[in-house]
Amino acid sequence: MTTEEAIGALLRNGLGHLLGNLPVLERGDEVEAVHQLRVAMRRLRSAFSLVYRFFPSAEFDALQEESRRIGTALGEARDWDIFVESLSEGALRSVVDAPGFEKLIEAARVRAKRAHAAVVHASARAAARFALSLERFVAQRGWRVGAPDDQLEWLSEPVAPFAVRSLDRLHRKLLKRAKGFDSLAPPERHAVRIAVKHLRYATQFFGSLFHPASAVERYAEKAAALQDLLGERNDVTIALRLIQTLDFQSDAQLAYAAGVVVGWRVRGGLGEERALRKAWRSLRRAEPFWHSQAAVRKGE
């Protein structure tokens, strides 16, 4: 497979994931559709970053900007869904008898429904328009526009060198962002999470090019473990932000319930720190599978 064929396949796969979930949203399964659409947009944006780094263009800029706008709307709805789920189905159910807890759940559900309405009425149409633009971009091989001659030559080469360059760049970015991991503040930990996510997606995109498959799988598992733990910590940060947007100042019971949730989430976050540090050390020490001896499969 050439680099150009791989780029086309990468973007078409993301486009297919996006288009496959638009009807689900229109049929009314909003929670699952929002989740899947958000995953699809995240994967596409990760794919964009892989390609854009070497083949930037104005049309690519427009696609990335539109994907960010759609992702923001989907993210708002998904954040409320996760918060509602944590209140109604998670460990917090153990404090369901706390005064105001049901009021807190209902207030969160109202905000989630409002966010879903915004997605259905605006983002669904925007996502459909975005999908058409991306489909045209792929069909016209828009990544070729404005690329210098030496980089255009890469497109006809086997994809493996492009994969190695991409994985190297993402690995360096992760190490840079995670420097001093143990003492990083929440916004910095979030940046690490984004870097891990991009590296994990790239591993999924390019993993089949390398062997042994077990080395790729081990690396992907370590990245996934760290990403999941960082995601749980990020959910705590988001939950605290969402609570602050609720109007509980005139309702003492609602304010009490909000305080219980804040205390519970902060306490849980403190307990995850040891696991987080262990997961980061495990990934940091993992051998980059794309540099192991004879890693690239023959013919790639």
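**View 1. Contact of helix 6 with helix 7.** From helix 6, residues Val159, Phe162, Ala163, Ser166, Leu167, Leu170, His171, Leu174 and Arg177 meet Ala191, Val192, Ile194, Ala195, Val196, His198, Leu199, Ala202, Thr203 and Phe206 of helix 7 (contact means heavy atoms within 4.5 Å; helices are DSSP runs of H or I with at least four residues, numbered from the N terminus). These contact residues divide into 14 nonpolar, four polar and one charged (Ala, Val, Leu, Ile, Met, Phe, Trp, Tyr, Cys and Pro count as nonpolar, Asp, Glu, Lys and Arg as charged, and the others, Gly among them, as polar). The model is predicted, with local features needing pLDDT of at least 70 and side-chain atom pairs pLDDT 80 or more, while totals for chains, interfaces and linings use all residues. Residues are numbered from 1 along each chain as its sequence is written, and side-chain values use heavy atoms, leaving out hydrogens and water.

**View 2. Axes of helix 6 and helix 7.** The axes of helix 6 (residues 159-177) and helix 7 come within 9 Å and cross at roughly 160° (axes are lines fitted to C-alpha atoms over the stretch in contact, and angles run from 0 to 180 degrees between N-to-C directions). The two helices are therefore roughly antiparallel (angles over 145 degrees). Helix 6 passes helix 7 in a left-handed crossing (the near helix is turned anticlockwise from the far one by less than a right angle).

**View 3. Helix 3 against helix 4.** The axes of helix 3 and helix 4 (residues 101-139) cross at roughly 155° and come within 8 Å. Helix 3 and helix 4 are therefore roughly antiparallel, and their crossing is left-handed. Their contact comprises 22 nonpolar, five polar and seven charged residues.

**View 4. The second largest pocket.** This pocket holds about 530 Å³ of space (on a 1 Å grid over the protein atoms alone, a pocket is an open set of points where a 1.4 Å probe fits, with protein on both sides within 12 Å along at least five of seven lines; lining residues have an atom within 4 Å of a point; points are joined across faces, edges and corners, and the volume is the space filled by probe spheres set on them). Of its 22 lining residues, Arg42, Arg45, His190, Ile194 and Lys197 are the closest to the centre. Helix 3 gives the most to the lining, with eight residues.

**View 5. Two loop residues.** Pro212, in the loop between helix 7 and helix 8, is joined to His211 by a cis peptide bond with omega of about 0°. Arg141, in the loop between helix 4 and helix 5 (149-154), has a positive phi of about 50° although it is not a glycine.

How values were computed. Parallel < 35°, antiparallel > 145°, perpendicular 65-115°, else oblique.
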